[in-house]
Amino acid sequence: LAMPPKAKTVRRRPKAQHAKENDEAAPTPAAQHTSSSTSIDWTPPWRRPDGTMKKSSGKKFGGDPREIDRNVASEILPFYFAMALVFNTFSFLSVMKDAEAFTATDPMAGNVLLLLLLLVLTSVPKGRGKAVLHVIGSTILMYSGVLKHLAQRRAYRVCEAYHDDHWRWGVVLNVTGAVCMLAISVRTAGKSRSFRRFVACWVAALSLMACWRSSKGAGADAAQKAAGVCTDAPFFEVPEDICGGANLPFVRHSLYVPMSDGVRLAVDIVLPNRWGTTNAQFWKWGGAEELPTFLHLTRYHRSNKRSWLTRVFYLFGMPPSDVFSVRSMHYINAFVPHGYAFVTVDVRGTGASFGSRPLDLIDREILDFKEISDWVKEQKFCNGRIGTGGISYDGITGALMAAQGNINAAALLFAPGDIYEDIAVPGGVPCTGFVDMYGKFTTASENNEPVLDVDNELPKAYKLIMGLALDGVAPVDAAGQWWINDRDFYESYLGMGHSPEHELKAAVAEHRDNFDMVQAIRDPSIMAKDDTLVELDGKRLSFYDVGITEDTFAGLRKHKVKVYSVAGYFDSGSIRSAARLHNQLGPVRSKLTIGPWSHGCRACYTPGAPSTVPQYDLFADVKRFFDCELKGACGVKYHENGTVKDGGMRKEAPVHYFVSGVDEWRTAPDTWPPAGAISCAYDLAAVSNGGALWPSAEAAGSAAAKDDAGAVEYKVHSNSTSGVVSRWNLVQHLMKQAVTYPNRASEAGTSLVFTTQRDGADAQEAITIVGSPRVRLELELLEPDAVDAVVFAYLEDIDASGEVSYITEGQVRASHPASLNYNGIEAVRVGHFDEAKRTFQRADMAPLKSRTPSTVEFMLEPVAYTLLPGHQLSLSLAGADKDNFLLENIPDLARSWRIHTAGSSRLFLPVQR
């Protein structure tokens, strides 16, 4: 047997002797310097002089070269965190001074993310879990700190709100941090091949995703967006807005402007940041050039004070600041980056303005509008071209101001101009669903108090945001009083105790005497349009004295104001208001767009749509209107009847309306509803299996008519409702609650329902309704002491599966008769909303007679809707809507009726062939 080899004995020299030999072998610096060789003989720190590898010591610059990248990365990573925090902090300070932003991201949110990431990475022990966290951290940095900035590079290069080059330093920093984290993750996992494969696949997937997004570009984003929104795609091409949108800094100035009676109104001026960044620069030296100006008048706070929690962060796209413009942030983001000045005003008796409101929209308040427009036109930032308008009340104030001059264009968005008929008392029935909640909001707003939601009707998300993010109306900044006089006066002004908070408290104290709309609408003595709301200076004021009136139409025509009106099928009676104004001004001076929207285009609804999120960009549409009228820039492409055309708004058809059911835009050449509709009548019939709708031409003398019992009785169900989120409760619309009427099928049990036959001839072809359907009922009150009735009518679409979709509705108090002597020229047009016109005056009210049939005729709200083949049309009649309308104040109201059929009661549809 062979003997095993003898083990080799290794003799180790003492460390001192080893060091001495190395010292003797190493050349002296002088010898190196005098050497004739031009090369440098450098020994890496991980090798011995004899060329052998040192063992890993784990010390700095020591050990295996495969560990060098981990050690270097570990030392660079803390440096990255420190530099990134400094970079974000300087970006935040620049934005707070209204100067240029470094990047389009929120700097303080970035700091919070960095600190959380640092905390997690340092608290987790070594191992594969820590390696995974480093990969996740690297991904976050690459996405939010690199790819997002690269996607915004055009904006950084073009937009004046951003610094030209600072974003590049942010990208370099984040790339450094991401690479270091990835290197550390690989080395932390040791020799695990599976983890290294995971990292490689992860990086490859991210790279492919970035390349795919770059190749698809905006088209992929648009397609992805369209898959999750409503079907209301705009009829115009929305131009790429590089410099618009959120997260852009701007310059804000705040001040009081005195009116002729001494009342001071709070005003905010918002300008592009190339204008002076301080009040002294602004008022003394001015800015770069004069700008077209958007003048906005509101009662809902021109600006809100931020809570301490949100002052350092971007909030819904608005830069960090002490204030937040809830009502006007969309206008600021759409207009100011594109060279507009934006001026927003708290009207008297609201916000931080002084004064009180004995009644809304009376002569003194309207005179303020003229005086504030005079003031704006004289300011250095204004070039004399002024636009106005807004949503709801802000649109009404815009119309009233424009009718007095100084205004070139007005965008009136979802503005119910006839306060009585369009929103407060439609059909003569008090709309407490709107008034109660609206009054609660406005009272709290004017008293600078939080809204009390005792009935728990508001979304929790809204209450959470309003409670944590905002802290009431923003006071007028004392620095904004530079305009009053010189520095000495300003200092004495503050010395008298006139601090911003002191001024705000004094202003709010004057709001205590404001008009109480809730009390007025619930007052049993106020039922007619001409009933007295308040008596002021010996004059009785009624609903005829408020809102958009004939005098407003005349003023707009006189001053040649261009008007753009927008309304929605699910927004109170705003379509009637918008169409009435458009028809009065004519297609040369006015444009009208009607879509499937709730109040303010905050939600959209069409049957079968994948979402209720609107696709239509309302503020892009408004901006192109003002670009055309204030700047002369009208060259935007638009779609008309499936064709793309050039020329923008001045060459478009004056009327665009959306047809639900087929989900397409159509146009009209002059007024709305468009001409050419025919009236299709349906008879209400009482049959054994319920109510039926028969086409009148077929019903006359047909065998089916013999089945009609001639009458049907109905007992009013006091719990009938169309729901809290209806077209009338506009406060719910502010919370982006979609108006879809999901309970229409369940409400059939509390209503009289008349439905077309599924196999009838009318069900075999599509029916397009454009305009206001008309209902005529032969109504008999069954209770001996009843003299009045309230009827609610709902037009519905029932598809083949039995799903019920809301089309439109209407209501009427029967004691307000239709006027027989109305001579309006437009009323002869089929489908016009004034076919059955009412004066709603006290003198014209006529009580009904019990046990005697009376003809009650009324209009449903305007709509454009296509009933597809195979669908059924349904008309539901009810006697109550408890969540929206008040009936208790109506004396001697009938609780049971009889509807006479057999040709006496009919539904008339305006049908476009």
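Q: Is Cys180 buried or exposed in this predicted model?
A: The relative accessible area decides the matter, and under 20% a residue is classed as buried. Cys180 has a relative accessibility of 7%. Because that value falls under the cut-off, Cys180 counts as buried.

Q: How many disulfides does a search of the whole structure find?
A: A disulfide is a pair of cysteine sulfur atoms within 2.5 Å. One such link joins Cys230 to Cys604, with an S to S distance of 2.1 Å. Cys628 and Cys634 form another, with sulfur atoms 1.9 Å apart. The number of disulfides found in the whole structure is two.

Q: How many residues apart in sequence are the parts that Cys230 and Cys604 tie together?
A: Cys230 lies in the loop between helix 9 (218-226) and strand 1 (251-258). Cys604 lies in the loop between strand 13 (590-595) and helix 22 (618-631). The disulfide of Cys230 and Cys604 therefore ties together parts whose separation in sequence is 374 residues.

Q: Is the link of Cys230 and Cys604 left-handed or right-handed?
A: The angle about the S-S bond of this pair is -50°. With that angle, the link of Cys230 and Cys604 is left-handed.

Q: Is the link of Cys628 and Cys634 left-handed or right-handed?
A: These two cysteines form a disulfide. The angle about the S-S bond is 90°. With that angle, the link of Cys628 and Cys634 is right-handed.

Q: What is the relative accessible area of Cys634?
A: Cys628, the disulfide partner of Cys634, counts as buried at 1% relative accessibility. Cys634 is buried too, with a relative accessible area of 11%.

Q: How many of the 10 residues of strand 18 are buried?
A: Strand 18 covers residues 678-687 and is largely enclosed by the rest of the structure. Cys680 counts as buried at 16% relative accessibility. Of the 10 residues in strand 18, the number buried is seven.

Q: Which residue of strand 30 is the bridge partner of Asp683?
A: Strand 18 and strand 30 (residues 906-911) run antiparallel and are joined by six bridges. In strand 30, the bridge partner of Asp683 is Arg906.

Q: Which residue of strand 19 is the bridge partner of Tyr682?
A: Six bridges also join strand 18 to strand 19 (residues 690-695), and these strands run antiparallel. In strand 19, the bridge partner of Tyr682 is Pro695.

How values were computed. Residues numbered from 1 in each chain as written. Predicted model: local features only at pLDDT ≥ 70, side-chain atom pairs only at ≥ 80, totals over all residues. Heavy atoms only, no water. Helix = DSSP H or I, 4+ residues; strand = E, 2+ residues; numbered from the N terminus. Buried < 20%, exposed > 50% of the residue type's maximum accessible area, 1.4 Å probe, protein only. Pairing = 2+ DSSP bridges.
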